[in-house]
Amino acid sequence: MTIDEIMDLWMQDVEIDKTELGDESIKIAKLHQKYYTILSKERMALRKYESDMKALKLDKYEFLTQGPNEDTRDKGWRLPPKGMVLKSDLPMYMDADADIRELNLKIAYQQEKIDYLTDVIRMLHNRSYQIRNGIEWQKFTMGG
């Protein structure tokens with residue numbers, strides 16, 4: 001699920017029907033379940049990316065310090081023009097590696113989705129207070 005899809009879902013669900021505050025109160029549990037399910041799946045995807053990153057870094061480390069093997073030739077990886085990399089230069093090459101940068105961007109995007117969903121759930125936790133305030137306001141404006 002993309003962050004735009006999640007934002008579109010929330011844009012639909014964020015609205016509170018002021019004429020049916022009781023129904024809105026009952027919907028909180030369903031909305032919480034909906035967004036918590038999405039959050040759980042997105043967290044699992046993040047864990048997968050983080051695991052993939054660890055494996056990729058190890059593969060790149062071995063490739064850059066020990067040279068190509070059958071697996072890395074199949075992946076199309078190439079050593080820098082100077083050949084194998086010294087361990088002291090390794091962090092610079094690892095940070096600049098296209099595969100690692102791409103996976104880092106995926107991890108950052110996934111983390112952004114998780115942060116957004118966490119904020120949505122935080123808003124849902126506060127929704128009962130918002131609904132109660134709406135009911136109190138209606139009572140006040142009706143003279144009760």
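A: Helices here are DSSP runs of H or I with at least four residues, and strands are E runs of at least two, all numbered from the N terminus. A helix axis is a line fitted to C-alpha atoms over the stretch in contact, and angles run from 0 to 180 degrees between N-to-C directions. Keep in mind that this is a predicted model, where local features need pLDDT of at least 70 and side-chain atom pairs count only at pLDDT 80 or more, while totals for chains, interfaces and linings use all residues. Residues are numbered from 1 along each chain as its sequence is written, and side-chain values use heavy atoms, with hydrogens and water left out.

Now to the part itself, helix H1, which covers residues 3–13. Its partner is helix H2, residues 21–66; the two axes come within 12 Å and cross at roughly 170 degrees.

Who does the touching? On the H1 side, Ile6, Leu9, Trp10 and Asp13 make the contact, and on the H2 side Leu31, Lys34, Tyr35, Ile38 and Glu42 do; contact means heavy atoms within 4.5 Å. Sorted by type, the residues of this contact divide into 6 nonpolar, no polar and 3 charged. For that sorting, Ala, Val, Leu, Ile, Met, Phe, Trp, Tyr, Cys and Pro count as nonpolar, Asp, Glu, Lys and Arg as charged, and the others, Gly among them, as polar.

Next, look at how H1 is turned. Its buried residues are Ile3, Ile6, Leu9, Trp10 and Asp13, where buried means under 20% relative accessible area, exposed over 50%, and partly exposed in between (1.4 Å probe, protein chains only). What covers the buried residues includes H2 and helix H5 (98–141).

Lysine 34 forms a salt bridge with aspartate 13, with the closest N and O atoms 2.6 Å apart; a salt bridge is a side-chain nitrogen of Lys or Arg within 4 Å of a carboxyl oxygen of Asp or Glu. Because lysine 34 lies in helix H2 and aspartate 13 in helix H1, the pair ties together parts that are 21 residues apart in sequence. Aspartate 13 is buried at 16% relative accessible area, whereas lysine 34 is partly exposed at 30%.

By this rule the count comes to 12 salt bridges. Another one joins lysine 27 and glutamate 24, with closest N and O atoms 3.3 Å apart. Both of these lie in helix H2, 3 residues apart, about one turn of the helix. Here glutamate 24 is buried at 5% relative accessible area, and lysine 27 is partly exposed at 39%.

Finally, back to H5, where glutamine 110 is found. At 3% relative accessibility, glutamine 110 counts as buried. Leaving aside residues up to four places away in sequence, glutamine 110 touches Glu42, Ala45, Leu46 and Tyr49.
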